[in-house]
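Here is a set of questions and answers for someone meeting this structure for the first time. Each answer sets a value beside the rule that gives it its name.

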Amino acid sequence: MKHAYVPRTTNYTLNPGDELNDLRMSDQVRPLYDHVKKFIRDTVEPMSIEFAKAGEGKEDRWSFTPKQLEVLEVAKNKAKKEGLWNFFLPDDETGQGLKNLDYAYIAAELGKSPLASETMNCSAPDTGNMEVLERVGTKEQKEKWLKPLMNGEIRSAYVMTEPNVASSDAKNISTTAKLVGDEWVINGEKYYISGLGDPRCKILIVMVKTNPDAAPSKQQSQILVPRDTPGVEVLGPMHVFGQDHAPRGHMHMRFNNVRVPKENMLLGEGRGFEISQLRLGPGRIHHCMRTIGKAEKALDLMVQRGLTREAFGRKIAHLGGNMQIIAQARCEIEAMRLMVLKAAKAMDVLGNKEARVWVSMVKAMVPERACRIIDQSIQMHGATGISHWTPLAEMYQDVRHLRFADGPDEVHWMVVGRHELSMA
C-alpha cells in the first residue's frame, strides 16, 4: 500500500511575509556600497599595479619593500579618511555598524580585487581576530592588540590547525597549555597558519587544550601569544599547489615551552569552542561573498576572452558548449548570491547559533561552485589561463583551498544533513 507524501515542516518554507526572505540592502547602506565600488575602481586597482611593480626584484621574499608599504599605506589612509574602514564589526562605535546582510553585499565587491580587503582593513584573519577581541577581550587586551589592529598598524594570525590530528574536529586539538604559577606554558605543533609569515604579524590567537579531563566541549581554550615570545618557532612555509604565498604565507610552526601571562587567556579557560562560534559564522559569510566576487571576475574574464578570440572561424564564445557554460555560470553566481544573502540575513534575524545550518549550506556550496566557474574560465583562456598573465590560476588556488579552510566541505554537509534528518 502506498503512503501519501506528507511534506515535513522545516524552517526553509517560503513565505512572502517572512523576514528571512527580505534580502534587500538597507537604503542607508547603498551610498556606502557605491562608494566602495568607486574606491576599488579608482584607488585600489591602480595601487595594486604599483604595489606589484614595487615588489619586483626584492632579495627577501618574506618581506615588503619600503615602496610597497608606502603605496599601500597611502591607499589605506585614503580609505580611512573617506570612512571606508572596518566594515565587518557590527558596532556603531568601533565599526560601520552594518548588518551581516549589508556587509555581505560589500564583501562581494572586496573579493574582486586582491588588495581591496586589506586597503579597507577587512582582511582575514584579522577580521575574525578583531571581532573576538572586541566581543570578549579585556580592557587591557583591547588596548594592547585590538586598537593597533583596528588602526591597521599590525597584522595577526589565528592558530588552530595541526598536522598530526584530524583538526577538522577541533576536539582533537593536541597542543597543550598548562598553568604553571602565573603563566600558561604552551607546547605543540601547528601548520597552515595563514599570515604568520607577514613581518607585520604581531599577535596570535591560539587554540589549545587546557583540561583533557573536562567535558569534550570544555577542554579547549584560546590564548593570546605575541609573535616574538621566546619558544615560538616558525619551521617554514607550507605550499598551496606549489606556491608559498610569500610574504604572508601559511606557516608550519611549533610552540616550545612558550610562556605567556595567565591574563592572556581569552574569555576564560575551557571556552575555546564558544569563542570559535563568535568568529566563524560571520567569517564564513565574508569568505563566501568574497568568493562570489572572484566568480564574477572569472565570468567577466571568460566573456571578454570569448568575444575577443577566434578559432575555427568563430568567436570562442560561440564554439562548442561555451555559450551554455557562460549562461550556467551566470545562473550559478546568482543562485550562490541569494543563498549567501539569506544566510547573512538568518544571522541578523536568528543569531549566529541558530543560523549555523544556513552558514554551513553556503560554506559547502559556494567554494565548490566558484571553483568550477574559475576552472571553466581558465579553460576558455587556454594555456594563458594557467599562466601569470591572468589572475585565474591564483584565484583557483585561493578558492580551492577554501574547501578546507574554516572546516572542510564534508563537515558542513554533515551539519546540513544532520539538521535535515532531525526535522523528520
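Contact here means heavy atoms within 4.5 Å. The model is a predicted one, and the values below are computed from it.

Q: What makes α5 and α6 a packed pair, and which residues meet between them?
A: By the contact rule of 4.5 Å, Asp-126, Met-130, Leu-133, Glu-134 and Val-136 in α5 meet Gln-141, Lys-142, Trp-145, Leu-146, Leu-149 and Met-150 in α6. Two packed helices are described by the angle between their axes and the distance between the axes. For α5 and α6 that angle is about 145° and the axes are 10 Å apart, while the crossing in which α5 passes α6 is left-handed.

Q: Which other residues of α6 are buried, and what covers them?
A: Besides Leu-146, the buried residues of α6 are Gln-141, Trp-145, Pro-148, Leu-149 and Met-150. Their cover includes α5 (126-136), β1 (155-159), β4 (201-209) and β5 (220-226). After α6 comes Gly-152, whose phi is positive, near 75°.

Q: How do you know that Arg-254 and Glu-233 form a salt bridge?
A: The nitrogen and oxygen of these two side chains are 3.4 Å apart, and a salt bridge needs a side-chain nitrogen of Lys or Arg within 4 Å of a carboxyl oxygen of Asp or Glu, so the pair qualifies. Because Arg-254 lies in strand β7 (residues 250-261) and Glu-233 in strand β6 (residues 232-238), the pair ties together parts that are 21 residues apart in sequence. With 32% relative accessibility Arg-254 counts as partly exposed, and Glu-233, with 29%, is partly exposed as well.

Q: Why is Arg-337 called buried while Glu-334 is called partly exposed?
A: Arg-337 has 17% relative accessibility, and the cut-off for buried is under 20%, so Arg-337 is counted as buried. Glu-334, at 32%, is counted as partly exposed. These two residues also form a salt bridge, with closest N and O atoms 3.2 Å apart, and both lie in helix α8 (residues 322-350), three residues apart, about one turn of the helix.

Q: What makes Tyr-33 and Tyr-105 an edge-to-face pair?
A: Ring planes over 60 degrees apart count as edge-to-face, and the planes of Tyr-33 and Tyr-105 are at 80°, with 6.5 Å from centre to centre, so the pair takes that name. The pair links distant parts of the chain, since Tyr-33 is in helix α1 (residues 30-54) and Tyr-105 in helix α3 (residues 100-110), 72 residues apart. Both Tyr-33 and Tyr-105 are buried.

Q: How do you know that the bond from Ala-124 to Pro-125 is cis, and where is Pro-125?
A: The omega of this peptide bond is near 0°, and the bond is cis; Pro-125 has its place in the loop between α4 (116-119) and α5. Another cis peptide bond, with omega about 5°, joins Ala-246 and Pro-247, and Pro-247 lies in the loop between β6 and β7.

Q: Why is Asn-257 called exposed?
A: Exposed means over 50% relative accessible area, and Asn-257 has 51% relative accessibility, so Asn-257 counts as exposed. Asn-257 is found in strand β7 and has a positive phi of about 50° although it is not a glycine.

Methods: Residues are numbered from 1 along each chain as its sequence is written. This is a predicted model: local features need pLDDT of at least 70, side-chain atom pairs count only at pLDDT 80 or more; totals for chains, interfaces and linings use all residues. Side-chain values use heavy atoms; hydrogens and water are left out. Helices (H or I, at least four residues) and strands (E, at least two) are DSSP runs, numbered from the N terminus. Buried means under 20% relative accessible area, exposed over 50%, partly exposed in between (1.4 Å probe, protein chains only). Rings of Phe, Tyr and Trp (its six-membered ring) pair if their centres lie within 6.5 Å; planes under 30 degrees apart count as stacked, over 60 as edge-to-face and the rest as tilted. Axes are lines fitted to C-alpha atoms, for helices over the stretch in contact, and angles run from 0 to 180 degrees between N-to-C directions. A crossing is left-handed if the near helix is turned anticlockwise from the far one by less than a right angle, and right-handed if clockwise.
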